[in-house]
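Subject: Structure handover

Hello,

Here is the structure we spoke about, with my notes below it. Please read them with the coordinates open.

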Amino acid sequence: MVDKRTEQIKELLPVYFIMGSSNCNGRNPVDVLEEAIAGGITLFQFREKGESALTGKEKVRLAERLQKVCQENHIPFIVNDDFELAIELDADGIHVGQDDLAAVIIREKFSNKILGVSAHTIEEAEQAIKDGADYLGLGPIYPTRSKDDAEEVAGTEIIKRFRDHGITLPIVGIGGISPESAEQVIQAGADGVAVISSIASSSDVEETAKSFLRATSK
Ligand SMILES: Cc1ncc(COP(=O)(O)OP(=O)(O)O)c(N)n1
Ligand SMILES: Cc1ncsc1CCOP(=O)(O)O
Ligand SMILES: [Mg+2]
């Protein structure tokens, strides 16, 4: 039987938009987020990373503005990596990878919040499940230009392999996903797609988000 929390998490994953100030082609991230929400994104992750990333008070200020937009639109606000920021803002959740603060430590202190963990192997996934993860981020599914230190491209096979192994935790595919490839990611067994550039740098953010929603609802 699938529990209620798992069902609720799955409902949040279809179009998981991730972004920080450096992903918006010089546009105001608040405008980009508002347009993406108008297009139907289901979850948002604040990921302020890279050479030109904001730090300190400026980073907190941007996070607060984006969180407010999410709250006004009932979209849960997830923080990437930065556990202190997630606590300071009382965010809805946090996403961590294998090189970040251990999921088990986060779960201890952040008991009711959404906890996402990146995994590249079955062992990492099983550990994340033991640690209390709510969902797994698997990728990069396709080549990506949004993460310099990304692992090797895994293809949609990684999702099939995890499902065939019996992993039932909600899964989101990430890395190089477009509206055209989103359906393949879902067909492989994912509950949603996590997307940076295809949405954030689109010339029509709202329409692109809509295309993702259509592709993941088929
Ligand atoms: C939904 C989702 N999946 C995977 C990642 C990647 O996390 P990580 O491996 O920690 O890399 P960074 O994003 O921190 O560079 C993610 N952020 N979100
Ligand atoms: C954060 C992250 N983790 C694996 S690939 C990736 C980048 C995804 O960005 P894009 O959707 O632009 O390829
Ligand atoms: Mg990380």
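A word on classes before the ligand site: Ala, Val, Leu, Ile, Met, Phe, Trp, Tyr, Cys and Pro count as nonpolar, Asp, Glu, Lys and Arg as charged, and the others, Gly among them, as polar. On that basis, the shell around ligand 1 is made up of six nonpolar, seven polar and five charged residues. Please keep in mind that this is a predicted model.

Ligand site. There are 18 residues around ligand 1, and those that come nearest are Gly-97, Ser-118, Gly-137, Ile-174 and Ala-194. Two or more residues of the shell come from each of β1 (15–19), β4 (93–96), β5 (114–119) and β7 (171–174).

Barrel. The fold has eight strands that close into a barrel, in the order β1-β2-β3-β4-β5-β6-β7-β8, with parallel pairing. On average, neighbouring strands of this sheet are turned by 25° against each other, direction ignored.

I looked at β6 (residues 135–138) in more detail. On one side, β5 and β6 run parallel and are joined by four bridges; here Gly-116 has Tyr-135 of β6 as its bridge partner. The parallel pairing of β6 with β7 runs over three bridges, and Gly-137 is partnered there by Val-172 of β7. Gly-137 is also one of the residues that come nearest to ligand 1.

In a regular strand the side chains alternate between the two faces of the sheet. In β6 both faces are covered: Tyr-135 and Gly-137 are buried on one side, and Leu-136 and Leu-138 are buried on the other.

Core. The largest nonpolar core holds 62 residues, and Phe-17 and Val-193 have the most contacts inside it. The element that gives the most to this core is β1, with five residues. Leaving out residues up to four places away in sequence, Val-193 touches Val-15, Tyr-16, Val-172, Gly-173, Ile-177, Ala-182, Val-185, Phe-212 and Thr-216. Among these contacts is Val-172, the bridge partner of Gly-137.

Asp-82 is found between β3 (77–80) and α4 (83–89). Is Asp-82 buried or exposed? Asp-82 is buried, because 22 other C-beta atoms lie within 10 Å and the cut-off for a buried residue is 20 or more. From Asp-82 to Ile-186 the C-alpha to C-alpha distance is 29 Å, and the two are 104 residues apart in sequence.

Regards

Methods:
Residues numbered from 1 in each chain as written. Chains lettered and ligands numbered in written order. Predicted model: local features only at pLDDT ≥ 70, side-chain atom pairs only at ≥ 80, totals over all residues. Near = placed C-beta within 6 Å. Core = buried A, V, L, I, M, F, W, Y, C linked by C-beta atoms within 7 Å. Buried ≥ 20, exposed ≤ 12 C-beta atoms within 10 Å, placed from the backbone. Contact = placed C-beta atoms within 7 Å. Pairing = 2+ DSSP bridges. Axes fitted to C-alpha atoms, helices over the stretch in contact; angles between N-to-C directions.
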